[in-house]
Amino acid sequence: MPKVREFLRDRAFGETVNLADKTIIRAIATSVAQYLTVKTFASVLRALVVEELSPTLEHPGRAPSETEPFPFSRPTFEASKTVFNLVAADNVFDREFAQFLQKATDVASFAKLPKRFGFTIEYTDSATNLRYYEPDFVTVDRDGVHYVIETKGQENIDVVHKDRAAAIWCENATLLTETTWTYVEIPQVEFGKLDATVLPMPWSSLDLFVKSVHERR
């Protein structure tokens, strides 16, 4: 491929090299050289083929109550502020956070979103691949503000990309529906320091604390 040859000859090694040289041939054959070449071309090509679009409202909305019944074997508990008969928590942290939402005086309703509901947000990962992730909770406070919530235990290299995509989704949803949507990440370590499941506190207080933590990242 002419462009690949040009890249290897003139750019990959920081200077123009002779591709017939045995030393260069051995260098090109390494996995490092192959990775560098693929990464360079992939990033350039994606920038050329990705088209930015204006947000549009594809559907008027779907209520969590439309979710079909599903089996679940992990921790659950009953809550009056959710449409589900049981809160299907993926882990202990999710269960503790759901218990906090149930007790919070300024939370009108919430839902731990099951996979069966199918709510996903598109994002591009650190390698610019298109991915999808499923937020953990949605919450509505007494003022009618809607929240998309991600309860975060372990963090990886793609967390910042997911956060950005979720924040943009909320901005677009606010613009298109005239309902205020806000994205909030709840770090497990910080949530544990509050011991909020033992001492009920307003959701607004936790929201402000978590936002300040998120902004310092």
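User: Which side chain meets K112 in a salt bridge?
Analyst: This is a predicted model, in which local features need pLDDT of at least 70 and side-chain atom pairs count only at pLDDT 80 or more, while totals for chains, interfaces and linings use all residues. Residues are numbered from 1 along each chain as its sequence is written, and side-chain values use heavy atoms, with hydrogens and water left out. A salt bridge here is a side-chain nitrogen of Lys or Arg within 4 Å of a carboxyl oxygen of Asp or Glu. At 2.9 Å, N to O, the partner of K112 is D90.

User: How many residues apart are K112 and D90?
Analyst: K112 belongs to strand 3 (residues 107–112); helices (H or I, at least four residues) and strands (E, at least two) are DSSP runs, numbered from the N terminus. D90 sits in the loop between strand 2 (87–88) and helix 4 (92–103). The pair therefore links distant parts of the chain, with a separation of 22 residues.

User: Is K112 buried or exposed?
Analyst: Buried means under 20% relative accessible area, exposed over 50%, and partly exposed in between (1.4 Å probe, protein chains only). D90 has 32% relative accessibility and so counts as partly exposed. K112 has 6%, and so counts as buried.

User: Which residues are linked with K112 in a network of salt bridges?
Analyst: By the rule above, the count comes to eight salt bridges. The network that contains K112 also links R74, D90 and D94.

User: How many residues apart in sequence are the parts tied together by K115 and E134?
Analyst: The closest N and O atoms of this salt bridge are 2.9 Å apart. K115 lies in the loop between strand 3 and strand 4 (121–124), and E134 in the loop between strand 5 (130–133) and strand 6 (137–141). The parts that the pair ties together are thus apart in sequence by 19 residues.

User: Are K152 and E150 buried or exposed?
Analyst: Their side chains meet in a salt bridge at 3.3 Å, N to O. Both K152 and E150 are buried.

User: Why are the buried residues of helix 5 on the same side, and what arc do they cover?
Analyst: The buried residues of helix 5 are V159, K162, D163, A165, A166, C170 and A173. They are on the same side because the arc around the axis, taken from the directions from the helix axis to the C-beta atoms, is only 165°.

User: Which residues are exposed on the other side of helix 5?
Analyst: Helix 5 covers residues 159–177. On its other side, the exposed residues are R164, E171 and L175.

Key. The expected span of a helix is 1.5 Å times one less than its number of residues.
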